[in-house]
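Biologist: I would like to learn how to read a protein model feature by feature, beginning with a helix. Could you take me through one, giving the general idea before the particular case?

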Amino acid sequence: MVDVETTGGSPDKGHRITEIAVVEIREGIIAEDFQTLVNPGRTIPSRIAELTGINDEMVEHAPFFEDVAEDIFDWLEGRVFVAHNVSFDWRFISAQLGDAIGFVPQMPRLCTVQLARRLAPGLTRRNLDSVATHFGIPIHARHRAFGDALATARILLRLLDEARALGIHDLTSLQLLLHRKGRS
């Protein structure tokens, strides 16, 4: 599971990561994690600081992304990249990895929003708060990378239970479920 906090909505508009967390699931359990604040090299807008609680003073002495890029690459390489709204997190990670080290790991990606559409179809909203509430999962430190990544990891485990109940036991079958026609 990966979650990033950022200075805004798009790396194409100069926004950068302010915090990243990776939570590894191994054999159905949460096994390890990596988390760090990141100095974005730019001012954090006040509305973002209010939302995340991450301000300029907190990241002033944090490493720049370039300083942790190889560690992040190592955490991601050879794994499945999973996030809640995976396109957002992947856009930032891939852009900043590309800028920092010149390459991006090629990896399958899964989105817990899309999985919730298929595996919890009764939900009317699929934001992190709604899906976590549906499964009875607390979110500690909402809008902080580790809190959101940990909640997403727990949500993924519950969604995988739902998938197994449908006879889905591997990544390929899960991806087929997500891409079949008639998605809700």
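**Reading a predicted model**

Modeller: Let us begin with length: helix α4, residues 86-101, has 16 residues and reaches 21 Å from its first C-alpha to its last, close to the 22 Å expected at 1.5 Å a residue. Please keep in mind throughout that this is a predicted model.

Biologist: Which residues of α4 are buried, and what covers them?

Modeller: A residue counts as buried when its relative accessible area is under 20%. In α4 the buried residues are Val 86, Asp 89, Trp 90, Phe 92, Ile 93, Ser 94, Gln 96, Leu 97 and Ile 101. Their cover includes the strands β1 (2-6), β2 (17-26), β4 (81-83) and β5 (109-111), together with helix α3 (65-76).

Biologist: What does the side chain of His 84 reach?

Modeller: His 84 is found in the loop between β4 and α4, and it is buried, with a relative accessible area of 12%. Its side chain reaches the backbone nitrogen of Leu 128 at 3.2 Å, and a polar atom of that side chain lies 2.8 Å from the backbone oxygen of Arg 126. Leaving aside neighbours within four places in sequence, the residues in contact with His 84 include Asp 89, Thr 112, Val 131 and Thr 152.

Biologist: How is a pair of aromatic rings described?

Modeller: Such a pair is described by the distance of the centres and the angle of the planes. The structure holds four aromatic pairs. In one of them, the rings of Phe 81 and Trp 90 have centres 4.9 Å apart and planes at 75°, so this pair is edge-to-face. Phe 81 and Trp 90 are both buried. The rings of Phe 88 and Phe 92, by contrast, have centres 5.0 Å apart and planes at 50°, so that pair is tilted. Phe 88 and Phe 92 are separated by about one helical turn, because they are four residues apart in helix α4. Phe 88 is partly exposed at 21% relative accessibility, whereas Phe 92 is buried at 0%.

Biologist: Where do the buried and exposed residues of helix α8 lie?

Modeller: In α8, residues 171-179, Leu 174, Leu 177 and Leu 178 are buried. They cover an arc of only 95° around the axis, which puts them on the same side of α8. On the other side, Thr 172, Leu 176 and His 179 are exposed. The buried residues of α8 pack against β5, α5 (112-119) and α7. At the start of α8, a side-chain oxygen of Asp 170 reaches to within 3.2 Å of the backbone nitrogen of Thr 172.

Biologist: Which residues touch the most other members of the largest nonpolar core?

Modeller: Among the 29 residues of that core, Leu 115, Leu 119, Ile 155, Leu 159 and Leu 174 touch the most other members. At least two residues of this core come from each of β2, α5, α6, α7 and α8, and α7 gives the most, with nine residues. Apart from its neighbours within four places in sequence, Ile 155 is in contact with Thr 112, Leu 128, Val 131, Ala 132 and Ile 137. There is also a second, separate core of 25 residues, which includes Trp 75, Leu 76, Phe 81 and Ile 101.

Technical notes. Residues are numbered from 1 along each chain as its sequence is written. This is a predicted model: local features need pLDDT of at least 70, side-chain atom pairs count only at pLDDT 80 or more; totals for chains, interfaces and linings use all residues. Side-chain values use heavy atoms; hydrogens and water are left out. The expected span of a helix is 1.5 Å times one less than its number of residues. Buried means under 20% relative accessible area, exposed over 50%, partly exposed in between (1.4 Å probe, protein chains only). Contact means heavy atoms within 4.5 Å. The arc is that of the directions from the helix axis to the C-beta atoms. A polar contact is a pair of N or O atoms within 3.5 Å; within protein, one must be able to donate a hydrogen and the other to accept it, and residues adjacent in sequence count only if both atoms are side-chain atoms. Rings of Phe, Tyr and Trp (its six-membered ring) pair if their centres lie within 6.5 Å; planes under 30 degrees apart count as stacked, over 60 as edge-to-face and the rest as tilted. A nonpolar core is a set of buried Ala, Val, Leu, Ile, Met, Phe, Trp, Tyr and Cys residues joined through side-chain atoms within 4.5 Å.
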